[in-house]
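Please look through the structure shown below before reading the report, and keep it at hand while you follow the text.

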Amino acid sequence: MQTHTIVVGIIYPKAEKFFEEYFHSLLNQTNKEFELILFNNGFISTSHLNHYLKSFEKQGVKASIINVPNAGPSIVGRQFVIDTLKSPAYDHVRYIIFTDSDDYYDHKRVEQSVKGLEKHDVVFNDEIPFDSDSKLKGPSLFSYITFTKV
């Protein structure tokens, strides 16, 4: 089945200590009908990220890395992602769900986002950040936006 949902992982510097929890939270999604694309600003080696991507491929989730020059702040990086996913190579994409490599996501994040995006253009999702000791802090005051493809 061809996916219409892309889960975008934005890889941040100094986020390696959160990788186990981050990738575990994505691997345990109830809806596995998505493609994972990691946008790496060059902070982490591709071979290190490939180690994690193999777990997704074993579960039938297509996973890849796009290395980009340092795109700066999150909003600039997200705009780069949107622009990249507008190319003809990604015409099959209907939904884009953003994730950050220093956060943990509820196991229904993808499922709930897709359900919401079937009815609305934008869905807000709470993030669960880690503290400096790699412990979950709990929901923050932030909400992240999940976009439909424009």
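## About the model

This is a predicted model, in which local features need pLDDT of at least 70 and side-chain atom pairs count only at pLDDT 80 or more, while totals for chains, interfaces and linings use all residues. Residues are numbered from 1 along each chain as its sequence is written, and side-chain values use heavy atoms, with hydrogens and water left out.

## The nonpolar core

In soluble globular proteins, nonpolar side chains tend to be buried together. A nonpolar core here is a set of buried Ala, Val, Leu, Ile, Met, Phe, Trp, Tyr and Cys residues joined through side-chain atoms within 4.5 Å, where buried means under 20% relative accessible area, exposed over 50%, and partly exposed in between (1.4 Å probe, protein chains only).

The largest such core has 40 residues, of which V8, L36, L38 and F56 touch the most other members.

## The strand β1

Helices (H or I, at least four residues) and strands (E, at least two) are DSSP runs, numbered from the N terminus. In β1, 7 of the 7 residues are buried, with T5, V7, G9 and I11 on one side and I6, V8 and I10 on the other.

Two strands pair if DSSP finds at least two bridges between them; β1 pairs with β4 in the parallel sense over 6 bridges, and V8 stands opposite F98 in β4.

## The loop residue N31

N31, in the loop between α1 and β2, counts as buried because its relative accessibility is 19%. A polar atom of the N31 side chain lies 2.7 Å from the backbone nitrogen of E33.

Note on methods. Polar contact = N/O pair within 3.5 Å; in protein donor to acceptor, adjacent residues only side chain to side chain.
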